[in-house]
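Hi,

Here is the structure I promised to pass on.

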Amino acid sequence: MSNKDKHIKLDNNPELAKNVFEVPDGYFDNLHSKLIENSEGILNQSDKLKELPFEVPANYFEELTDSILEKTIGNETKVIPLTQQLWFKVTAVAASLVLIASFYFLMPEESIVEPSLSDISNETIIEYLHAQQSSQEDLFEGLDSLDILLDDMIAEELNIFADVLSTNTELNYDFEYFDY
């Protein structure tokens, strides 16, 4: 999609250029009376809208305090003895301790066998040490050839950079004249 397709100018499309938020003259002058007429018509059509859904029984608020007092005064509160709760808590703690102890003592033990050097023959140890020594020597020989390769690459890149500077004099700046 091109940039021209992304932005639509209002001048090019007369349908978009017209103001859609215009209100006829005198619209707000008689709006209140029209709303009342329409709402009265809706209320007259439906009998359910005329009924009040929330009605309070007669003398409800006068009798409210008396009914609350009847339900609260005179009833004995239930007393739960502390020893009954304590016994239950002690039993629960003891059961959980027994469960944890049974898991700890009844789990099968896994034996971990650690190899020791006494199990390995002397010849195997000597072969291993020779292999390690030869791999280190190979590594050092590889490092010497790597140094030579890196030196060649640096020299080649510097030659290319010097050629580019000699052919493009506009890239050859003397930065010591800049004050920062």
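Phe28 is exposed, at a relative accessible area of 59%, in this predicted model. By the cut-offs I used, buried means under 20% relative accessible area, exposed over 50%, and partly exposed in between (1.4 Å probe, protein chains only). The rings of Tyr27 and Phe28 sit edge-to-face, 5.2 Å centre to centre with 85 degrees between the planes. Rings of Phe, Tyr and Trp (its six-membered ring) pair if their centres lie within 6.5 Å; planes under 30 degrees apart count as stacked, over 60 as edge-to-face and the rest as tilted.

A search of the whole structure turns up 3 aromatic pairs. Another one is Tyr60 with Phe61, also edge-to-face, at 5.2 Å between centres and 80 degrees between planes. Tyr60 is partly exposed at 39% relative accessibility, while Phe61 is exposed at 57%.

Some housekeeping: residues are numbered from 1 along each chain as its sequence is written, and side-chain values use heavy atoms, with hydrogens and water left out. As the model is predicted, local features need pLDDT of at least 70 and side-chain atom pairs count only at pLDDT 80 or more, whereas totals for chains, interfaces and linings use all residues.

On to the fold. The chain has 6 helices and 0 strands, running α-α-α-α-α-α from the N terminus. Helices (H or I, at least four residues) and strands (E, at least two) are DSSP runs, numbered from the N terminus. Of the 180 residues, 0% count as buried. The chain exposes about 18,600 Å², with 61% of that supplied by carbon and sulfur atoms; areas come from the Shrake-Rupley method with a 1.4 Å probe, and for residues only the protein chains shown count as cover.

How confident is the predictor? The mean pLDDT (its confidence in each residue, from 0 to 100) is 76 for the chain, and 77% of residues reach 70 or more. Confidence is lowest in helix H1 (residues 3–6), at a mean of 57, and highest in H4, at 85.

H4 has 13 residues and spans 18 Å from first to last C-alpha, close to the 18 Å expected at 1.5 Å a residue (that is, 1.5 Å times one less than the number of residues). Asn59, in the loop between helix H3 (31–45) and helix H4 (60–72), has a positive phi of about 60 degrees although it is not a glycine. Asn59 is partly exposed, at 47%. Just after H4, Gly74 takes a positive phi of about 100 degrees.

Lastly, a nonpolar surface patch is formed by Leu139, Phe140, Leu143, Leu146, Leu149, Leu150 and Met153, with about 670 Å² of accessible area together. Leu149 lies in helix H6 (residues 122–167) and is partly exposed at 47%.

Cheers

Note on methods
Patch = residues over 30% accessible without salt bridge, like charges linked within 9 Å, V, L, I, M, F, W, Y side chains within 5 Å. Salt bridge = Lys/Arg side-chain N within 4 Å of Asp/Glu carboxyl O. pLDDT = per-residue confidence, 0-100.
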